[in-house]
Amino acid sequence: MSPPLEDLVKEWLRLDPNESTRKEVEHLWNTNATDELEKRMRSRIEFGTAGLRGKMEAGWSRMNDLIVIQASQGLCSYILQHVENATTRGVVIGHDHRHNSKRWAQLTAAAFIANNVKVYLHKGLVHTPLVPFSVKALSAACGVMITASHNPKQDNGYKVYWENAVQIIGPHDVGIAQSILQNLEPRVHDASEVLKSGLCIDSTEEMKRGYFNSLNHLRTASLSKGSVAFVNTSLHGVGDAFASKAFEIAGFSPYTPVKEQRHPDPDFPTVKFPNPEEKGALDLAIATANATGALYVLAQDPDADRFSAAENCDGKWVTFTGDQLGTLFGYHVFETYKESGKPIDKLAMVASTVSSKMIEAMAQIEGFRFVDCLTGFKFIGNTALDLVKEGYEVPFGYEEAIGYMFGSEIRDKDGVAATMIFAQLAATLRARGVTVHAHLQELYRRYGYFETSNSYFVCTDPLVVEKIFRKIRSSGDMDSSQGRSYPSSIGGLRIQSVIDLTDGHGYDSTNAPTYQPKLPLSLGHMIQFRAFSDSDDSRIILTIRTSGTEPKIKYYLEGNGSNRDTVHSLLGRVVDDLAEVWMNATENGLGRP
């Protein structure tokens, strides 16, 4: 039975060491703001594979000093139990420029120091990739980055890396969450003594030098570097200092920064959402490029782990999709690897299962290995490490949400490395008299045309969501031999295979005789369909899944074939069938963006 709201409030006031957030709760209680208190106090913010992320306010369901202290105490306790020599190996901690980030990094350090654990506390603002780089370089027991990445300005977060320098996966997420609940009583109340402690070590400059040296190893020779003009935006984040240094390492002339967005600003004044994927986010960068005559716009999200780019194609600006960039990078990495003379059958690349299958097509033709995995770099990074153990070299991995991993030093997405490599690619192509967009068309001609249509339906009623997925599993004539019958067609295409990665519904029609999925199961609904045309070479892959953080049913649709117009029209038909035949969007009151 849920405790009375008054008990939750009293416990908060007893434990919270921050006078400001205590007063916040006291004011809400004294003004009888019951609804607001219920939102903040009734449930606890969940620690998952992405760590913590939420709005900065007082309350158990928000991000604040008390939540950070408790999370750090629980993480520290778990690390000491499960990582060998954790005390001396230590923890790496970094932070971005958001409100409270510096203090929360220091509170995290204080919790570890209180347990006699060495702390490598990065000094000043760092981009997220520096933390996993440092965990590996220092052989640390774990890493923590205080950031909310591309979330709105009201949010902040707490991202955790395991000793292998990859974001945590199960069972550690569950173990850490349980450990937090066993360590709720604050044993540190402020961070005033952190920097004076002999256990607090500043290796920031050493790690930055190592990081930039790793970028130097990714550098490829290219011609006429000065002939390509770039504009770069870091969207009020921490990326500019790192991206400008990467340009210097690659031997480029400096890019033109978007001056209004160049310096870190936690209020992100010129963008509604500081996400390069959001409509309008690149408007200032494009305006700057138009004013300076630059051909390309480059962008990092605020913590500089994601990357986007746009090209001026005869006066019209085209922003590359995450999948298009993934294809361009994948082919660039393949070409570089091939030129090295290494055996192609020892090359492997990784992408999330909802990302484009164009690299899969490339791999089938060129002879390297392609592996897909569940969504998120926690899976991409760990899959890459598993492939390395099998004897493969894995110089590239990506997900369609503009995240790209290069080389072997960081098994996580890195927007700065992506910035440098895109610039090198553009310069190399320019020397051949080709633009990046034109090069992408060349790749379509070589490997087939691929087009994506990713979006979502809004559904705030969990019962309706369950009804929709129950219908999908029972409304067709494609027998799963497990009491379910998936649809046999969509958009005039015949469904060839079904992979249901939902916990409790696991099924893979391609994996006889067990029909058990090869990928791990998901707690939310997730089903992938492959379908093909009986009349031409067109085919699609459709993945539908529930969001873990929003009231959405997301879909990831990709079509491919030799005829661009046929593929484009096909995607529209599939989306129409998905909406009205499979989802009953109108009848179920589903929202559309």
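The model is predicted: local features need pLDDT of at least 70, side-chain atom pairs count only at pLDDT 80 or more, and totals for chains, interfaces and linings use all residues. Residues are numbered from 1 along each chain as its sequence is written, and side-chain values use heavy atoms, leaving out hydrogens and water.

Across the whole structure, a search finds 29 aromatic pairs. Rings of Phe, Tyr and Trp (its six-membered ring) pair if their centres lie within 6.5 Å; planes under 30 degrees apart are stacked, over 60 edge-to-face, and the rest tilted. The pair Phe396 and Phe406 is tilted, because its planes stand at 40°, with ring centres 5.3 Å apart. Phe396 belongs to strand E14 (residues 393-399) and Phe406 to strand E15 (residues 403-406), so the pair ties together parts 10 residues apart in sequence. Strands are DSSP runs (E, at least two residues) and helices likewise (H or I, at least four), numbered from the N terminus. Both Phe396 and Phe406 are buried (under 20% relative accessible area; exposed is over 50%, partly exposed in between; 1.4 Å probe, protein chains only).

| Lysine | Ring | Distance to ring centre |
|---|---|---|
| Lys346 | Tyr392 | 5.7 Å |
| Lys552 | Tyr456 | 3.9 Å |

Leu199 lies in the loop between helix H8 (172-181) and strand E6 (200-201). Leu199 counts as partly exposed because its relative accessibility is 27%. Beyond its neighbours within four places in sequence, Leu199 contacts Ile113, Asn116, Val117, Lys118 and Val119 (heavy atoms within 4.5 Å).

Conventions: Lys NZ or Arg CZ within 6 Å of the ring centre and 35° of its normal.
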